[in-house]
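Let's take a friendly walk through a protein model, one feature at a time.

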Amino acid sequence: MATMRQEEEALALLKRLVETDTQNPPGRESRLADFLTEFLAGTHATLQRIPCRETGRDSLVAHLRGTGEKRPLILCGHMDTVPSGDETAWSVPPIALTIRDGRAYGRGTSDMKSGLAAIAYAFRQAARRDELPQGDIYLAATADEESGGLGAAAMSPHLPLGTGVVCIAEPTDNAIGISAKGTLWLKARIQGRTAHGAYPERGINAIDMAYELHHGLAAFCARHEDPLLGPATCTLTGIRGGVKANMVADTCTLTMDIRTTPDLPNEAVLAEAKRFAGELGKAHPGLQLAFSVQNDRAAVQVAPDAPEVRLLTRTIAEETGKEPVYKGIKFFSDASIFVRTNPLVPCIQFGPGREDHAHIVDEYVELSSYFSSILCYNKLLANYFG
């Protein structure tokens, strides 16, 4: 940061965000939206609350009007966190900010309240300026990113996704995320035929069919690989079936967490699952398989030579003296919601947290990374003022 006072302000902001409990479920992000509304009071930004389907879960859009010479810039961060889990396993209170050895500890420090704090701090600096920026600037603070993405879905019609560029402050360790895997949570319900365990050939073992289905989909996914993201994956995350040790299982339910690459649309995976199910049905007459989608998030990619990526690259290099690296992100973000209705909107990820520090006991962010991200966002927004 430029001054000690600004560092203190940035830490106070991060402290307030972390100590506002927004563990999802239940989220209760409206309380954090209330604070951000107060935080931005007195600036030139106009504020709009966007309700989700559930009460107490508002998102917030702050808009700084520009001259239209540049395309709109949307800074996005989510307000919810995953649960703390067993708090006795933490060495620090999870819903409190603890500073120790150059790190800030607490639930959400890495994913992604440090990123949200960085963009909120930079946005307020820009919104205090009296001159108009050359393009509209938005701060989008979303609810429910860690679950169904209700906040981003409700917010999408209120953002210029058709003409703008989105920068999401997810944990990238201040690298530039130019691609992200898609996510498909698929549940399969399998109906076979029971039989005595001594005569398995007389039944259709639904558990065996479940494993065949998973192995077939896993092999299909593994054939698709991205240079930054690696191969698409299909992970068996739950299985339940069977009645008794000496009975062939006639029913089975399995869940799979499928992570797709940009060249493998989620629709193609679902189509392959149905095709494979059809083959199993032909081989085992009487077998029935039904699928339901629990989560559907598209893969996201932007070209490394895209103008918005080049601008962020130049900004980071000028501010830090180091060329940033490009990376692929294996988790989903609000970008996967935004591209549903605007598949061509450029979505970049850049934030101070680290993905291996997210969702863990004693979650933390390096203070140096946090302060550096604010400087980079400050400079990025300064480019909008000529």
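Two strands count as paired if DSSP finds at least two bridges between them. With that in mind, look for Ala104, which stands opposite Val365 in strand E18. Please remember along the way that this is a predicted model.

E5 and E18 are part of an open sheet of three strands, in the order E4-E5-E18, with antiparallel pairing. Which strands form the edges of this sheet? They are strand E4 (98-100) and strand E18 (364-366), each of which pairs on one side only. From one strand to the next, the twist averages 25°.

Helices also meet these strands. Helix H3, made of residues 109-127, lies across E5 and E18 and runs at about 55° to E18. Helix H9 (residues 367-382) packs on the sheet as well, where it touches E4, E5 and E18. The direction of H9 makes about 65° with that of E18.

Next, let's turn to the aromatic rings. A pair of aromatic rings is described by two things: the distance of the centres and the angle of the planes. How many aromatic pairs does the structure hold? There are five. One of them joins Trp185 and Phe332, whose ring centres are 6.1 Å apart. Their planes meet at 65°, and planes over 60 degrees apart count as edge-to-face, so this pair is edge-to-face.

Where do these two residues sit in the chain? Trp185 is in strand E9 (residues 182-191), while Phe332 is in the loop between strand E16 (326-329) and helix H8 (335-341). The pair therefore ties together parts that are 147 residues apart in sequence. Trp185 is partly exposed, with a relative accessible area of 30%, whereas Phe332 is buried, with a relative accessible area of 10%.

Tyr370 and Phe371 give another pair, with ring centres 5.6 Å apart and planes at 35°, so this pair is tilted. Both Tyr370 and Phe371 are buried.

Finally, look for charged side chains over ring faces. Arg100 lies over the face of Tyr105, at 4.6 Å from the ring centre. Lys70 lies over the face of Tyr384, at 5.3 Å from the ring centre.

Key. Residues numbered from 1 in each chain as written. Predicted model: local features only at pLDDT ≥ 70, side-chain atom pairs only at ≥ 80, totals over all residues. Heavy atoms only, no water. Phe/Tyr/Trp six-rings, centres within 6.5 Å; stacked < 30°, edge-to-face > 60°. Helix = DSSP H or I, 4+ residues; strand = E, 2+ residues; numbered from the N terminus. Buried < 20%, exposed > 50% of the residue type's maximum accessible area, 1.4 Å probe, protein only. Lys NZ or Arg CZ within 6 Å of the ring centre and 35° of its normal. Axes fitted to C-alpha atoms, helices over the stretch in contact; angles between N-to-C directions. Contact = heavy atoms within 4.5 Å.
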